[in-house]
Each structure stands twice: as structure tokens, then as C-alpha cells.
Amino acid sequence: MPHGLDTTSAASPATANGYVLEAAGIRKAFGANVAISNASMNLREAEVMGLVGDNGAGKSTFLKILSGSQPADEGTITIEGKRVELRTPADALAAGIETVYQDLALVDTMDAAQNVFLGRERSAAGLAGLFGFVSDRKMRAEVGELVKDLGVNIPSLRATVRSMSGGQRQSLAIARAVLWGRRIVILDEPTAALGVRETAHVLDLIRRLRDRGISVIVVSHNMQQLREVADRVTVMRLGRTVTTRDIASTSVEDLIGLITGAVIPDETISTP
Amino acid sequence: MHIKYSFRRVAVIVAAAALSLGALSACSSGDSGGAGGSSDDGDFTVGVLVAGHDAPWEEQQADVATALAEKRGWTTIVLTYDNDPSTFTRNVSTLISKKVDAVVGFMVATGANAAAQQRFEAAGIPVITYDIAQDGWYFVGVDNAASGKLNGEAFGNALKEKWDCDVDLVLEGHQSAAGAVDEQRTGGEAEGLLSVCPDIPESAFQSFDSDGTAAAAQPAARNLLTANPNAKHIAVVGINDINVQAALDAQNQLGGDAEILGWGQDGGLIGTDAASPNMLGSAFYFLEGYPHYSFQILDKIAAGNPPEMADTAANGLLIPPCVVTAAEAADVPSGDERTKEIGEKDEAGHDLFCPTK
Amino acid sequence: MTTALTDQKTRAVTAPRPRTLKGDHYGITAAALLGALVIVIVVTTVLHPDFFSGRTLIAIGFTMAITGILSVGQAIITISGAVLDLSIPAGLMLPAWAVATMLGASNPLPTALIVLIGVALGVVWGGINALIVTTLKINPIIVTLGTNFIGIAILSMQFTTATVPGRSELSMFGNGSLLLPNIWWVMLVVVLVAAPLLRYTRSGRHLTATGGSVPAARSRGISIRGMRYLAFCTAGICYGIAGVLFAGSTSNFNPMGSASLLLSVIAAVILAGVRMDGGRGSILLLLPACALLATVQTALVFFGLDAAMQSVFQGAILIIALAGDGYLRKRSTR
Amino acid sequence: MSTLTTHRTPVDLDIRPPKRFAKIRAFYGGSSLGAVVTAALLVAVISLIVAGPDFYSVDNFGILTSYIAVPLVMSAFACVGLLAGIVDLSVGPMVGVSAAIFAALGPQLGFWPGAAIAVLVALAAAAINALAVVRFRADSIAATVGMLTILSGITLAVIGSNPPTYIVDGLFAFSLGALGPFSYLFLIAVAVILAVAGFVTFHKVGRHLRAAGGDENAATRAGIKVGRLRVFAFLFGGLGAGIAGILYIGQNGGPALEIGPSLTFQSYAALMIGGFSLVRGGVGNPIGGLFGLLIIGAVGVLLDLQQINNHFLDVVLGSALIVAVLVDRLRGGDRFE
């Protein structure tokens, strides 16, 4: 059985500060089926981290744990130096982690502003607000600004998501993550269903997130895209994180080798 | 493109619609009436309420009423409420707004009758009810309890002759939704049977209930027959021919050597080839001919001389039941023919068609 | 091994909810149904020994026969992904009325021909529903809700009571028994023919696949429109047969007379474990499901419970079965 | 890559082919109420042609508005369930059972105790539905069919062969009152409709209900407690059914077995004509339901005026239902393949 290096042991001494997110020794099993064992990741401020791996390598399980969809069996997650327990999506949201799911998690029947503020609606002014009424005007204004700021093109803030194209939906989902993700945004296959131009736009959005000081984790199968947008990349294989490398110094061939097991990593995680 | 509607716009639409409706109604309220015929013009208008479309006689009753009204130069407004109280209430409103001079009909949505009575009374509209008594409405109909008893006695005599009153099981085919009519007819028939054959034990009387369709009555009767496997002589009574026939069919399906005989009521099937030979008899009420009786009251009302209120089966206008055996029933013409003849002659169905009068 | 780099599209299509591989627990459903059936029979027999008799069997056979045939049609429609056919009352009543009318004619056609025409009318009814569903592309549950109202209303304009001559061949057959009611044997044949047809023929597989996933079925070249027609028309055959037998075993009926059957049919299909979202379900399990419903109905009469209580029991069984099934599925998909 | 700088260019990437009936779609997409308002106007015009201007009399509006008042109250509450993605087919029978219990107990126990018990029974039925559907994940249509069967049994047992009569003088008089062409009950029902419309549109909980119906997964991931909201929707529908049952008795003076099925059909047909959907949650507006019922009621009154066989109402309703859902699909609803 190929054995990846234990990334945590090497990483931990140097990470006391400077890392936005530290996940260490994460393990998750479904019955007898161990989905991931000993998965780890360190995320710096304002960087884009790629997460790659073959099908079944455990990427999505790792993501689900980081986004609170599934609690981990073992391991620790630290956000800005503080231990956190992520048991539900709400926990992750509270910890400042926003996730853009592959299916986007947009409600088709609602409009852009309503979707962006879903679950965190702005209250109406005065008494009505106290009774739980919401203000669409406030929300629309905020979303309008955000959308302008991000250069997202949406036909109308009142149009339902149903009437939007794939790229517009993706942009909207990312915009939502930007608005709420104070520290970390996780993107699961953000370009998988998109055309060329839409893909370019989404990649651009990701860079803008980084420029705003947000740390981004991108799961992707597309090595070229990752090379365009990511700073570092973490490789998973057979339920483990085998290595993390600077993307600039890693060739696509090396990455594929790491993913498939043809290349056994011989160095520890890249130094900060 | 604004797919999400704006609440303000909706409010505007609603307000506009309300205003325009109000304006329209205000404009036209001066000359309301008209369509369907109202009585403002001195014409005598009769509201005819039809319970539904479950049996042929329901519409035939309206046909006869219309024919008799035409004879007199009156107008009719025929409304059907499909056994539904809220539609019944709507019909009542319509008739009141049309200012009809009187209302006749089968009022089977009994829960809503008291409220309807209050409203008709307030509007000064006299009402004639068929078969189901209501305080304040003229009663026209069969004395169901007495009629049930007559049927039971005729049935009892037949059973005395055939089985010497040795009956193990008496099935009562109820239709509880028909309310008091069911209790009186079905209960009365059982009572009449018992008066001829007093030795039938109380435990031999067992009931099934149906919504008046064979599809529901047949399994109910079948299960009840199954639950009484040891009965050798089975008698069936019921509110109508359909319920009795369902039990006869069920016994036929179950097989076995038990004998079964039935006696229906209302004459719905008796005399036709859909009736089992084991249905010995039934009673014609000539329901299609009820308007002949109610129009006698209407004649007095139209003449400005309404009769004294008689609103129970005890003091109302009673229609004699026509108790017949299956053989006698074969001579009675079909419902369609009877409807036509009564409409033309304005005579009682009993006088025209009852072979045993 | 570079598939990982190219399979993103397929992943996107098949993405979200993981479906269990254990999936269909037909075995558990069958065991539960048969277990419940045995319990009902044993308890009733212990308290009312008369219950255990050939007569009871015949009574139950009559009660479950027409429901059983109709539920085969309903199950086929549900498995094909068309959710529910709420137009069963009209689909049964149209052939039943036609058959009764033809039998009552002064110079009736040969019985075999009448039966054929009746079955054909059932197919026509299914075809009408399929036509509306496929051309307007509206959910069948709404289409059939609408067509049922229209159909029953139009039939009501045609007749108030239909009577079937008691001495007709069809009535003799419909009311007769050979150990079990003749119409029960017909139902058994329908089930035993439909089950393998759905499971082992190409068309049956396609039908099931369409119910499982329309995009997947279409991508394999299956005509979705064709499958809708197939499902509704096959169900129509069942309605036609049921309608003919209904006329043969009910001496008189009115247009609203079959409304109460719909609830029993839906109950049977649900009890048999046919999934409402399509693609899964066993025709054979309809047998114990219909048997259980009919047996409970008869047993309750032995306990002296009236029609009201029978409704309460039937509804309660349904809710409990659904809740149990839902709970099992929830656990197995965890 | 040069494409990196394209973010400022409009990203109009709708690569789907242009749809047929684009203009019709745009029109009906312009307001979710466009279709039903158009239909209502159509019915109004047809009535004018068929019955003449006399159709628009104060009397007729009084009849129409009082006839649809009780179904309107029931629909106002029940539509919240549809928005939350549950279909409760047993709300009609809940009205029936509430009416039967109220009429049976009211004369003995008095108005308030009778009313309280009636509402509690409806709520209990709704709670069982919620338990089966939310906790045990039973299919909502199927489970509520079971509840429908149970409730019709209970109604039969309560009413028996002798439907109770209970005329609550104040309520009965009130049900006959009208402000011009609008009956008081109708005005109350409209107020309820508007309140519910405001609630589902502007209130946080209402918004979450619609999200839960629109996309359960997305709502869950946004931290919304979908299960709890659906329980609320069930109970809300039960509460409305209980109240509607009492109003029903107030207006009609007694219950009947037929109440349940006909009310369920009438209300759901109205809601679907008004833009709700049985198969997807999150769409529809209570005000659409109001127009839907106005259409159904107007057709009923028209049939009365013209003395047309009630069967035509069923034919019209059945067709209207199919057309309404077709329109819903054309303006962006789900296609059924």
C-alpha cells in the first residue's frame, strides 16, 4: 500500500500563527468503509488552495467535513488559532466558512437577492422588523452593490434563479459566499458544468476573492485551471492528503503522478 | 423582466378589480333580476331543488314539476346541489335573490335545512319539502315509518308462508347518510317483519351500511354474510332496492346452501331483469310524481290562500305507498313513461300506476 | 489512468444524493405484509373461529379481485414515473357502462365481443390520458385529476343507473366461483402476466428505467413519449378488464359508484412498497397487499365494527405502513 | 490567457435555444398573477355574454362571495403547506370533521368549548400528518390520503344517520350580512388571504417556508430548519381547517359527509388555477388562490343562474385545472417528460 507522508507532523510546528484554517488528522468512516483517514490541510490568509485527487480519494468527504455537512469522527479543525466543532452547516457558517456546493444550493423559485440572503434576511425597519418581517429593498441594494463590485452579470435582481444561465447561477452562488464568507470560501467543482467564457469569469472571481483577503479552497479535476488560479495544491489519494505543493513549482505531469500514485511524494509539505 | 411580482402592483390590481366590480354592480343593481326569470312581473315562479343525479327519479321529479308549472303558466327555476350543503346554501341564496314565490324539493342536505328554513321564512317564501320533515316547511311525502312497516308486514307474510317464520338472520341494508328516512324505512320494515314473525330473536337482526351504491353495498353485505356462516334462512330488508339487491348478489357469490329472500323499497329495481328472483317485492313511491301533490299546495298559495302549516308526517300531505310483489311490479311502466304521463295528466302516480290500489 | 481528468461532466449530471445499494427491500415488505396477514387471520380466528372458512376466502377473493387488477395498472403507471393515475374511477366506469349497455340491448352482441370492446375502451381511456400528458407535458397527477372529473361528469350526463341483466353470461361468470371467485382467478392471471412482462421484457425494462431516470432513459435511446403511452395503455388494459368484471359482478351501478375504489387501489400500491417517485416496485407484492386490505375489511366485520371504523382502520394501516417504509428508507440511505 | 480580463464584459451566456411562445412567456412571467387575473377577466366576460349584464348584480356578488368565503379561509391556510413543499389532501376532511364535531358538541357544551375541541381535533390530525411526513419521511400525498380516509370515518361516526343542526345565531346572522356586494365572511377571508400573503412574502418565516418548498437541500444548507417549518405548515393548515369548519357551520347550520372531498377539490383546484403547484413547492401566491376561487365560484353561480346541469361545472373545473397547470408550465414551471 503506497504511503503518503504525514503532512501534519511536519506542518504543525510552523503553523502556530499565519494559518487561517488548520485541519489535522481528520478521519471519517461510514460503517466499515473508511472514507478518509488522516486528512490534513493548512490554509494561509488570502491564498487559493487547490484540492485534487482521483475519484474516491476522499475529496468530497473532506469538503463535507470542512463545510459542516458531516461531522468528523476524529481530528481537529482550528480556525485562526481557535478550535472549532463543525457539526452542522450552521456551525461552519458561524465560523466564517462559506461553501459553494456543486449543485450551488440556490432555491430556483426565489430571486437573486432572496437567495443571497437566504437564512440571514435583513430585517425591516422598526416594529415590523421586530416581528420578523424582512426588507427586500435593503437586501436588493446590498446585493446590487456586491454584484457590481464583483462584476457579476445578472439580468435582474428580481429575476428568479430558474431563469438564469449556469454561469450566472455559479456567479451568484460565489457572490453569496463572498458576502458571508468572512475568512474562508470553499468551492466544489465551480466550473464543472460551465462553458469556456463562463469558466473564465468564475476563475476571475476566485482571484478577486483572494484579492479581498479571503482564503479559498477549490476542488477541481482540471489541472490547467488550477494552475491558472491556485497558489498551492493539496493532493489526496486513497483517503489521505499525501502532499501540499506550490503550484508554480509543480508540473501537471507531477500532479497527475501524485494523484494516481505513480509519483510518491518525497518531501514534506511546502514551507510557508 | 420582473418575474417576482411586486406587492404594490398586486394591491393595485386587487383594488382596481374590487372597485370595478363594485361599480359594475352598483350600475346594474337597479335592474337586477331578469335572467332565469324572476317574479317581479307578477308571474308565479317556483324554485325546484334537485338533490343530485344519483337516481333517475331525481331529475324526473324536476321534469314533472316543470311540466305541471307549464300547464299553469308558471315559471320554474330548477337548481341541483349534488347533496352538498354549501351548494344547497348557494341555491337557497339564488332562489331568494330571484324572489321566487315558493320552493319545492328534496332537501337531503339535512344539516343545512334549519338554516335554509330561517332564511326562506325571513324572505317570506313558503317551502314544500319531500319526505324529510322540517319545522316550518309543508310536508309532502310518504310516511316512511308506516310504509316501512307495511313492507315489513308483506314480507313477513311471505316468509311465514315459505319458511313458517323460521328466519336465522335478518340483514338490514341501511344508508345512514339518508338520515331519518333511512331509520324509518329500514327500521320500519324490520319492525313490520317482526310484527308478523315475533319469534325472530333480536340477535338475528344485523346491519350493513352503504352510500347507496351497489359497489359499496355489495362488499359490506358480503362481509356481513360471511360473518354469519350458520344462517340457513336469511331475510333482507333495506332502505331501497339497490341495498337489498346487493345482499342477494353477495349471497349468490358466496354460494352455499343457505336460502335468502329479500324485500326492497322504492321500486328502483323491482320488476326489471336486474332484480334477483329472490327479491319478493318492494314498494313504489312514484317519487317522480311527488310534484302532483306539492302543486296542490302551490295552487292554494298562488291563489293567495295558503293552507295552514302542516310540517310533519303526522299532519302533512301523505302519499300512499304502493306495496307490490315482484309479479305485480312487472306491470308497472318504466320511470320515463310514468314521468311523461304524470306530467301530462297531473294525476297521482299511485292512482295511475299502482297495481294494488 | 487519466479518467479523473475527463469525467467531470458525468459527475455533474449524477451528482447529488447518494442512493443506497441495498435499495429495494422487497423481501422485508413481503415479510411484513405476509406477517401482518397471518397475524390478522390468527387473531380473528382465535376470537371468532368461524372466520377460518372457505366462505371467508370467497368473500375476500371478491373484495380484492377488482382492486387487485386496478392496482396492477396503477403500479405500472407509478413505476413508469407517472406518479399516480387519479382517473381510475372514470377509467373503470367507461368500460363498465359500455358493457352494461351492450348486454342490456334487446339484441346483444356476442359476449366475447362485448368483453373485447370493454377492454378496448379501457385502453382508449389510458391513451387519452397519455396523449394529454405527452403533448401538454403536464404532471399526470393533475392531468388525471382533471380527466377524471371530466370523464365522470360526461358519463353522468349519459346515465344515472346502469343495470346488468342477471342471466347474462358475463354475470354468471362474474358472480361464480371455482374454489375462489372466477374474477379472482382473472386477477391472478393479470398479476402473473404483468409481473414478468414488467421485469423480464425489453419494454418492461425500458418502462422501469424511464421511471428511474428520464434523462438516463432518453440518453439510452428510449422514447419517453412511447413509454408514457405504453404505461397508460397497459394500465388501460387493466382498467378495461376491471370494468368488464365490475359490470359482471355488480348488478347495478351509478357513475359515481367506483370512486371509493381509488383509495383502496392507492392504498394497495403504497402497501406493496411501490415507490411514488418511480422506477421501483414489485407487481407480485400487490397480491399480499390487496389480500391484507381485503382481509382486514372482512375481519373487522367479524368484530362487529361498522363502516366508519373500517375507514379509520384502513387509513391508519396506510399511514403506519408509509411511516415505517419512510423510516426504513431514511435509515438505509444514511 | 486573454479571457482573464473579460469579467467586465456582459456575461450573457444563456446558451439554451430560444423558447417557443417567448412573448406569451414574457407576459405571464411578468407577474405571477398575470395568468389567473387574465382567466378571471375571461370568466367575467364570458359571464357577461352568457348571462347578460344582470350577472353583475349586488345579489349575485353577495351569493358568489359568501359561497366562496369558507373555502377561501381554508385555502389561505392550506396554501402555506404547498409553499413549503407538502401536499395535505386531508385538509378538506379536516374541515368536515371540525364542522361535524362543532355541530355535535356546540349545542351541549356551548360555542367556545365546542369550537375549541373542533379545532383541536383538526390540529391533532395535522400533527399526525406532520409526524408521519416530517419525522418518518412518509410521502405527503400518500400519507394524507390515509388521514383523509381516517377523517371521513370519524366524520361518518360523528354525523351518523342524523346530521346535527347547530345554528349559532350571531354567526349565522353575520354570515348573511354584506357590505354592498361583498359578504362579511368574504371580506374576512380576503383579510386573512392578504395577511397570509404578506406573511409568506415579507416575513422571515414565510420566506424560509418558500425556500424549504423551493429547494429542500439549498434551504438546509442555508441553515434553515426545513423539518420544523413543515411541521408548522401542517399545523397551520390544520388550524385553518378547524376554523373553516366552524365558519361552515355558522353559514350552513349543519355538517354533511360530502364536505371534505368537495372542499379539498375546490380549494386545491383554485390554488392551482391561481399559480400554486402540487408537485413543486415555493411557487404561488395566496392572492392567486383568491382569484382562482373567484373563478370557480363565478362559474358555479353562472350555472345556477342559467340552470345548467352541475356536471358542466365539473367539466369546466377539470379543464380549467389542466389549462392552469399548462399556463404555469409555459411561464417556467416544471415540464413533465
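**Reading a predicted model**

This is a predicted model. Chain A has an average pLDDT of 81, and 91% of its residues score at least 70.

Q: Which pLDDT do residues 1-16 of chain A have, and how many contacts beyond four places in sequence?
A: Residues 1-16 of chain A stay under 50 in pLDDT, and the model gives them 29 contacts beyond four places in sequence. Residues 268-272 of chain A are also below 50, with 14 contacts beyond near neighbours in sequence. Where pLDDT is low, the predicted coordinates should not be read in detail.

**Sheets and strands in chain A**

Q: Why are strand β7 (residues 184-188) of chain A and β8(A) called a pair?
A: Pairing needs at least two bridges. Since 5 bridges join β7(A) to β8(A), they therefore count as a pair. The two strands run parallel, and Asp188(A) stands opposite Val219(A) in β8(A).

Q: What makes strand β1 (residues 19-30) of chain A a partner of strand β4 (residues 74-79) of chain A?
A: The cut-off is at least two bridges, and 5 bridges join β1(A) to β4(A), so the two strands pair. They run antiparallel, and Ala23(A) has Ile77(A) as its bridge partner in β4(A).

Q: What do β4(A) and β5(A) form, and how many residues are between them?
A: They form a hairpin with 2 residues between the strands, and Glu80(A) in the turn has a positive phi of about 50°. The antiparallel strands β4(A) and β5 (residues 82-84) of chain A are joined by 3 bridges, with Ile79(A) partnered by Lys82(A).

**The sheet of chain B**

Q: What is the order of the open sheet in chain B, and which are its edge strands?
A: The 6 strands follow the order β2-β1-β3-β4-β5-β11 (chain B), with parallel pairing. Its edges are β2 (75-80) and β11 (317-318) of chain B, each pairing on one side only. Strand β1 (residues 45-50) of chain B is joined to β2(B) by 6 bridges and runs parallel to it. Leu49(B) stands opposite Leu79(B) in β2(B).

Q: Which strands does α2(B) touch?
A: α2(B) packs on the sheet against β1, β2 and β4 (127-130) of chain B, and its direction makes about 170° with that of β2(B). Helix α3 (residues 85-97) of chain B lies across β1, β2 and β3 (102-105) of chain B, at about 160° to β2(B).

**Helices that cross**

Q: Why is helix α2 (residues 56-72) of chain B called oblique to helix α9 (residues 290-302) of chain B?
A: Their axes come within 9 Å and cross at roughly 40°. Roughly parallel would need an angle under 35 degrees, and roughly perpendicular one of 65 to 115, so α2(B) is oblique to α9(B). The crossing is right-handed. Residues of α2(B) in the contact include Arg72(B), and those of α9(B) include Asp299(B). By class the contact has 7 nonpolar, 2 polar and 2 charged residues.

Q: What makes helix α4 (residues 54-79) of chain C oblique to helix α14 (residues 286-302) of chain C?
A: The two helices pack at about 140°, with their axes 8 Å apart. Roughly antiparallel would need over 145 degrees, so α4(C) is oblique to α14(C). Their crossing is right-handed. Among the contact residues are Ile60(C) and Met64(C) of α4(C), and Leu287(C) and Phe302(C) of α14(C). The contact divides into 10 nonpolar, 8 polar and no charged residues.

Definitions and conventions
Residues are numbered from 1 along each chain as its sequence is written. Chains are lettered from A and ligands numbered from 1 in the order in which they are written. This is a predicted model: local features need pLDDT of at least 70, side-chain atom pairs count only at pLDDT 80 or more; totals for chains, interfaces and linings use all residues. Side-chain values use heavy atoms; hydrogens and water are left out. Axes are lines fitted to C-alpha atoms, for helices over the stretch in contact, and angles run from 0 to 180 degrees between N-to-C directions. Helices (H or I, at least four residues) and strands (E, at least two) are DSSP runs, numbered from the N terminus. A crossing is left-handed if the near helix is turned anticlockwise from the far one by less than a right angle, and right-handed if clockwise. Contact means heavy atoms within 4.5 Å. Ala, Val, Leu, Ile, Met, Phe, Trp, Tyr, Cys and Pro count as nonpolar, Asp, Glu, Lys and Arg as charged, and the others, Gly among them, as polar. pLDDT is the predictor's confidence in each residue, from 0 to 100.
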